[in-house]
Amino acid sequence: MSALKTVDLRCEHLFEPQGLNTRQPRFTWGLEGKGRGRNQSAYRIVAGTDRAAVAKGKGEWWDTGKVVSGDALLIPWAGRALRSDLAIWWSVQVWDEKDEAAGFSEPALFRTGLMDATDWKAKWVSRQLVPPGGRFPPQDTVYDNPYWARPTDHYRREFDVARKVKRATVYATALGLYELYVNGRKLGDQELAPGWTDFHTRVEYQSYDATKALATGRNTIAAIVGEGWYSGRVAYDNKRAGSHYGVRPALLAQLHVEYDDGSIEIVATDSSWKCGNEATVYSDLLLGERYDARLELPGWDRNGFEAKGWWDAEEIVVLPRAPKLDATRGVPIRKTKTFDPKFLHRTKDGKLIYDVGQNLAGHCRLELKAPRDAVFTMRHGEALEPGGTLYTANLRWALATDTYISKGGKQVFEPRFTFHGFQFVEVTVPEGMGPKDIRLTAIAVHSDMPEAGKFASGSEMLNRLQANIEWTQRSNFIAVPTDCPQRDERMGWLGDAQVFFNTGVFNFDCSGFMAKWLQDVADAQTPEGIFTDVAPSLVYTRFAPRPPRGAPGWGDAGVLIPWRMYQRYGDVDLLHSHYAGMVRWLDFIEKENPSGVREEGNFSNWGDWLCLGNFTPKAVVATAYWAYQAKVMEKAARVLGRRQDEARFSAMFRDVRAAFRKAFVDKNAKISGDTQTAYLFALDFDLLEPAERPKAVKHLKAAIEAAGGHIQTGIHGISHICPSLVENGETQSAYDLLLKETYPSWGFSIRNGATTIWERWDGWTPERGFQSVNMNSLNHYALGAIGEFMYERVAGIGIPDAGGAYRTISLRPLPSRELGFAEASYRGHLGTVASRWKVDAKATKWDVTIPPNATGAVELPAAFAKVLLDGKPLAATGIETRETADGGIAFEIGSGDYAFTLAAA
């Protein structure tokens, strides 16, 4: 039997899709196997509804038979025509390079969901008697609040199950946020479902296995619905803080009960459901949650509850139109990690201050024993004031406050439909109580992307930087890639996302998450072809005729991210689906700027946002991005076989490049603005002639030296500075910037206590304290884009420009005696690659792992003139080498484990 093993079975990029948006889903698997030269030569996929049978290689829905192919990426379904409401198991068997078969993999599950609009029998339901504006005037009830925030709505319906159930599935979503219950049991472990989309265009639904929750006889299905992104407070316009999509949160749910005889019974939301309010006075993303436990209604989600005073649910017409219902494309939001905060001190006014030890996004669970009517309040912040009180000024209008009113006795409070960005918690307790009377637990909540990459080195600062980048990504990848998790903003800025993308996809498997968000980006594109600056876009200025749009570096993400998704995950279909929108965006830029210099149609045009020192002229940034996109579009057109477009965008790049040089580059290769970012863009985007490049590198180094050897780029230049220096022969300069700990640098923030990436280089300094409260997030991932360099060049794991989903792996490590060692691994869709080097007194040891079916393209610096494999010269191992342009050595290796020794001649 073959030593190959199939792992990580994915359908449509996900481990277990909750539903499909296609009738031809695609299947991917990874491979593991000892020994060199291990490769798949053939595969067989089987799929069926019986898990045990599929595990043995029998499937009634699809059996490919033995297919001679080394491909394991996005294999399209070719079995029986799929239909709605199926739960299908699939497994794969592979043959190795010797044609020896491996065993079938552990089966993986996918659900087809409800594939046609006509499959939905449920009606959108909402609470009755809601005023047109969605907000009730004060009525002297416990639900009155100064924010006009709504209480959560509770829905229930009882029904009978007559006989033995084979399978039960609930399909559900909401305009707002929701949780589902069957007979008092919460279904699933998702948080903040269904997430955030443009609710006027589409909403994603989720599916839940309810089989074990049902009983023969009487049953109850129930739900809690909150405002969430639909009608709650979002973004930073406090005059128009909420109700961006609508004013009435609503529920849509449909339970399919399949009996042993094959018959199916459906229980769906309609006016027969009951609706009432309970203990959650309000639960808002920015405000926080107020929970009055005295209002709890025990048994409301179980059989026999009388529901006195509850309304009949009202079937509603969703305005301005019913959204399209799509199966969830991304990963669920979940609770992922917990922390036990450390009690620090009590403030002068009696507040208890706790330190979580890590800045994160999520909420706190409060365990307590208290008399009835006692009030507990938790406020959340990222830092402390010099006097030890909670720093909240940077939250702007976000209250980030959770309040609990005791019902008496032992209790546990955990907010449901809110999250906060915080490291410190201020707890207000009743007089006479202290830290010994409560227990606080901090819980991280985010889109639960599978961990993909690991990085470590001989520098503790660099290791902390990697952790800070990861935690910033966790904190901001919540349904969409937001800028920050704490203040009244939390929007899906395209510029930040495209700058950080290459780093983010090393840390986590972002394929499903980003595929979902790219749909949001496409939904927001204007009729003129302009990509918006944020997606979903409506929350920004819902009363404006057009959303903020077209900013260079922001709108450009609509081209750059689909291409990078293709590079990292090999998804040609995704690239194809977004290609028309990408073309429309370049059409718009070209029409607005016939001169080839991008000065019109830029709208917001923030330039190299948050740079220090001299400001790079905005036209330089904009035109460079235009040229870069033209080159990307040329490559995308080539992949998709669009020869005319390929020629068009090749000519566009040529013309914009010429216009850039004419407008901004003088005879000494000085670029307008004379800034670090100006030179980085010109070098990295191939905007200079060969003879100009050394001069530009000299000017770049001078700009760095003029800043005292520090970085001065904003968010757009940051991902380029270290890679560009290395590519142009300045490796030591790149390491100097990476490892620096004086202001401004990554090490500076870490030395001053940062556990996430700051929005600004000077978010806090010893001399001035905190930056402006108007814009000072301490959890903002854009400046963390250096992570890409740490994986690709420090540790040496990268991907060729042509992409290929790591079928070919670029291995270009930069061993450093100062660093001592570095190691990284990346668990991609096709397998795991790893690289580890360690410098000792005589040589550098470099260990590499290449997964089956992959090839490693090695490039080593000229400093290593002597390379041994297993103690032998490369020539003696059969590996052919060639010299690189900079005098280094290059060669290819196949799959397996390799132990190299690198030394000078």
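User: Which residues does Leu465 touch, not counting residues up to four places away in sequence?

Analyst: This is a predicted model, in which local features need pLDDT of at least 70, side-chain atom pairs count only at pLDDT 80 or more, and totals for chains, interfaces and linings use all residues. Residues are numbered from 1 along each chain as its sequence is written, and side-chain values use heavy atoms, with hydrogens and water left out. Contact means heavy atoms within 4.5 Å. On that basis Leu465 touches Leu738, Trp746, Ile750, Ile757, Ile786 and Met790.

User: How many residues does the largest nonpolar core have?

Analyst: A nonpolar core is a set of buried Ala, Val, Leu, Ile, Met, Phe, Trp, Tyr and Cys residues joined through side-chain atoms within 4.5 Å. Buried means under 20% relative accessible area, exposed over 50% and partly exposed in between, with a 1.4 Å probe and protein chains only. Trp229, Leu465, Leu738, Ile893 and Phe900 have the most contacts inside the largest core, and its residues number 184.

User: Which helix gives the most to this core?

Analyst: Helices are DSSP runs (H or I, at least four residues), as are strands (E, at least two), numbered from the N terminus. The helix in question spans residues 618-639 and gives 12 residues to the core; it is helix 8.

User: Why is helix 10 largely enclosed by the rest of the structure, and what covers its buried residues?

Analyst: Helix 10 (residues 676-684) is largely enclosed because eight of its nine residues are buried. Among these are Tyr679, Leu680 and Phe681. The cover includes helix 8, helix 9 (643-664), helix 11 (693-706) and helix 12 (721-727).

User: What kind of aromatic pair do Phe305 and Trp310 form?

Analyst: Rings of Phe, Tyr and Trp (its six-membered ring) pair if their centres lie within 6.5 Å; planes under 30 degrees apart count as stacked, over 60 as edge-to-face and the rest as tilted. Phe305 and Trp310 are both buried. Their rings are 5.5 Å centre to centre with 65° between the planes, so by the cut-offs the pair is edge-to-face.

User: Which residues lie nearest the centre of the largest cavity?

Analyst: A cavity is a set of points, on a 1 Å grid over the protein atoms alone, where a 1.4 Å probe fits but cannot get out; lining residues have an atom within 4 Å of a point. The largest cavity holds about 170 Å³ of space. Of the 18 residues that line it, those nearest its centre are Pro194, Gly195, Glu204, Thr328 and Val331.

Methods. On a 1 Å grid over the protein atoms alone, a cavity is a set of points where a 1.4 Å probe fits but cannot get out, and a pocket is an open set with protein on both sides within 12 Å along at least five of seven lines; lining residues have an atom within 4 Å of a point. Grid points are joined across faces, edges and corners, and a volume is the space filled by probe spheres set on the points.
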